[in-house]
Amino acid sequence: MDKSVKSGKEILDDFFNNLLNVPNVDKKLAAELKKMYEEGEFSSANLSNKLDSLREEEINDKN
Amino acid sequence: MIKIKSFLIKGFRGIKEQLSLELNSKSALLFGENATGKSSITDAIEWFYKNAIKHLSDEEIDRKGGLTALRNTSIADTEKSSVEICFTDTSLDSLKSISLRRANPEVENSNNSDVFTKYIEDSENENLTLRYEDLTEFVLSTKGEKLDFLSNVIGFNDVSNTRAILRKSVNEIKNSLKIKNYENEISNREGQIMTVLSERVISDEQYLRKINEIIKPLELEKSMSKLEDIDHLLSLFKKSDDTVVIDMRAFYYDLINTIKGIENRIGNLLDLYKVYYQLFEKIVQDIETLKKITLDILLEEGRRVLKGSVVEKDECPLCLQVKSKEELLKEIELRLKSLESIRKEKSLLDNAKNDVQKALDGINGLIAGIQSNKHFSSQENQPIRNFVKVLMDYMKLITQELDIDILKNQKIKTKDELLLDITKLNEISDFCEKRSEFLSSQIKGNKILEIQDKITLSRQAYYDIKRLKKEKQILEKQKESLELIFNAFVKKQKEELEIFINSFSKEIDEYYQYLHPGEKVDRIEIKTTEKEDELTGISIDFHFLNKEVSPPQKYLSESHLNSLGIVFFLVSIKAFNKRNRFFILDDIISSFDSNHRKRLSDLFLEIFSDYQIILMTHERNWFDYVRHLVRGRSNWLINAINWSESKGTHLNETLVDLKKTIWQKLADNDKMGLGNIIRIYLEGLLKEMAEEVDVYVKYRSNEINEDRMSNELLTELKSKINKQPCKDLFGPIINKMIPSVFVGNKGSHDSSFDPGIGECRAFWQDVIELEKLFYCDVCNAVISIKYYDKVGKTIRCKGGHLSYDWMN
């Protein structure tokens, strides 16, 4: 079997480690997602809450 | 990686006494006629790792008392059934047993270390055993089952879950953009500015210019140069009863916009409710199963507690009934697994309910905004209060439907039964417009109030537009980023799966071609099937008579399907077995013809030479072929499995075992049965010598080929030796042994043969002398014609430590 075959976990680690390199992605959002994954907190509810708080923060920041 | 050093099975399945095999990491070729209990070995090893035996139904071994089915039926209740395995890593050695305490079977592992627990967990998904009946399991499973199997083994479930979370998030943001309908909201406010200022305003500059134009009659010293100046100007206007009119007009304008927003949100709310309703209706069909998932939390908690180190005793922590911890854990896991499908559907229902609730919250937020305005309670706004009440009752109605407990009430209202009379929204908008016009007529002619009115209303709309545009921009930015992340994820998942599938396909095809060269099947490929960009399954495609076809069961014979099954098993071992370097093949070749059997043996020895293989068969020809292949290989053991009423399934004792017994009996002066044991040992030794130095005996058919007796073998050995230059070395001892009573004819292994201990001791010395001439202590093997030196004309052992002049 080819050595480059990855397990599910390796694929996820790989993806989140390189998330900030996705072209044109919002770096702050990408960093938050990466942090959630690394802390084992990557769930639908947590992501939804995080997106809400990031929006609120941005609206308040520039007002 | 781990190999087996030895195993010892007692009182398990067909094994009554004990079956022990000292492998020392070697492979084993075991012959056993049908019904001698070969599968007891496979069962024991499978149970050691998986705590279950797949071919026995779950009920049979998992229900209370089912474990007793694993115990040999004739052992006493006081005896334990056990499987003890020693490994190349001794920290993993363990004895797993089933004992009967108060008639309840209890499972115990002697090794409870974290290292061992982790090893067993890691081994759970590894392919370690293959039986004939399992051969085509993967090949014949559905596409979805194949995907589930591979996803589970390679951990792709986590990848799929992460993808689902990202997809849901992207959809939520898209939905949010749709519900908030920013274009409409902005357009409404732009219309409001148009009405008030009779001009379309698209920038701060343009807005300020228009305001400066409006306030010209006021002849102010300073014109408005920024938006804050307008706020300051409004604060300078005197507060009077008339200014309340302007304030109220702003309230009506705002309400008209809010009502438009509410109408849009109610449409979306009903769409979401429809999804909820459909899921509700589907689940309610299987309400009995759903009821069982109310125990989910209890079962999950039970599993957590049992997996931890809190419970040490073998008893249920709740009812304190005596029960093996391992068995209890297994029962809980089975119950949780049986609820998996309904749990998934319930989770979808919960998500849909959550979506409806969120939509309700959004509308309730807008209603709260209306209620908090100071003009809401004004006497003249009773119709607005009535409208808000209708709206709140409507929200309550939907909330009530959401609150219906699916386990108690099995009916909820349909979307159509929950439609809101839209004319009520139009009526209240008309009311607001008329009231606003009326108020406008009251200030007509008062230039200052007219200016104040225009600035107040346009400012409110203009600020709303700016806020809405900003919100929209932030939400769209998040949507774009999440879409980029989701797309990158999908790409990554596909790439990695492709690498896996290609690699997997390549090896499956390679091994299959090895077994079936030049036949009609080639280019076997594992392919993914997708629906709406989601992986839905895995299929096996191949070329049959140069045409791409699928599925295999439509085109291939039983033996070809079995080949595919074996090939899949072997490729899986290479791909997924990360801890164990051994596997067991239990009678897998029944449907193969002799040519494919040979090819399969060659495949094992060529490609899996670094694996420890335990190969069991009842096919004599194949056994003979493989035995011939592995003859002289120090990493293979060969033995036969037998069954007797007294021992149950047992292995023939090896020469090493027999030798130990003989030495022990001689040391103990115990002559009981000793003569026969020495005879059996001599026969085994002579058979090995005859095979290695090419001693030919009279042809007999396979069934009785094994019945060669010592006198026949010694006579033929003597005949062979007499032609050799080294005959003087071997001749005396062979001549001495031939007339002995120990070298009897066929039929002499009977109870009347009862030599004394002295005779045994003397004959045993002769046997040892003969053995020393042929056996190399360094190589642990006899001299062999395979290592014949044609130049030096010598026969020798593998390492060349022992050699004799020899004419071949």
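A word on terms before the first residue: helices here are DSSP runs of type H or I with at least four residues, numbered from the N terminus. Please also keep in mind that this is a predicted model.

With that term in place, let us turn to Ile607(B), which is found in helix α20, residues 594–607 of chain B. Ile607(B) is partly exposed because 15 other C-beta atoms lie within 10 Å.

I now come to the nonpolar cores. The largest nonpolar core has 71 residues, and those touching the most other members are Ile9(B), Ala44(B), Ile508(B), Val567(B), Leu585(B) and Leu615(B). Helix α19 of chain B, residues 558–576, gives the most to this core, namely eight residues. Which residues does Leu615(B) contact, leaving aside its neighbours within four places in sequence? They are Ala28(B), Leu29(B), Leu30(B), Leu585(B) and Val626(B). Another core, of 39 residues, lies apart from the largest one, and Val201(B), Tyr207(B), Tyr252(B) and Tyr277(B) are among its members.

Next, the strands of chain B. Strand β1, residues 4–12, pairs in the antiparallel sense with strand β4, residues 81–87, over six bridges. In that pairing, Ile4(B) stands opposite Phe87(B). Six bridges also join β1(B) to strand β2, residues 15–22 of chain B, and these two strands run antiparallel. Here Lys10(B) stands opposite Gln18(B). The hairpin of β1(B) and β2(B) has two residues between the strands, and in it Arg13(B) takes a positive phi near 50°.

Chain A has three helices and zero strands, in the pattern α-α-α along the sequence. Of its 63 residues, 21% are buried. How many residues does each chain bring to the contact? Chain A brings 28 residues and chain B brings 31 residues. On the side of chain A, the elements giving two or more residues are α1 (8–17), α2 (27–38) and α3 (44–62). α3(A) gives the most, with seven residues. By class, that side of chain A has 15 nonpolar, seven polar and six charged residues.

Thank you for your attention.

Definitions and conventions:
Residues are numbered from 1 along each chain as its sequence is written. Chains are lettered from A and ligands numbered from 1 in the order in which they are written. This is a predicted model: local features need pLDDT of at least 70, side-chain atom pairs count only at pLDDT 80 or more; totals for chains, interfaces and linings use all residues. Two residues are in contact if their C-beta atoms, placed from the backbone, lie within 7 Å. Ala, Val, Leu, Ile, Met, Phe, Trp, Tyr, Cys and Pro count as nonpolar, Asp, Glu, Lys and Arg as charged, and the others, Gly among them, as polar. A residue is buried if 20 or more other C-beta atoms lie within 10 Å of its own, exposed if 12 or fewer, and partly exposed in between; C-beta atoms are placed from the backbone. Two strands pair if DSSP finds at least two bridges between them. A nonpolar core is a set of buried Ala, Val, Leu, Ile, Met, Phe, Trp, Tyr and Cys residues joined through C-beta atoms within 7 Å.
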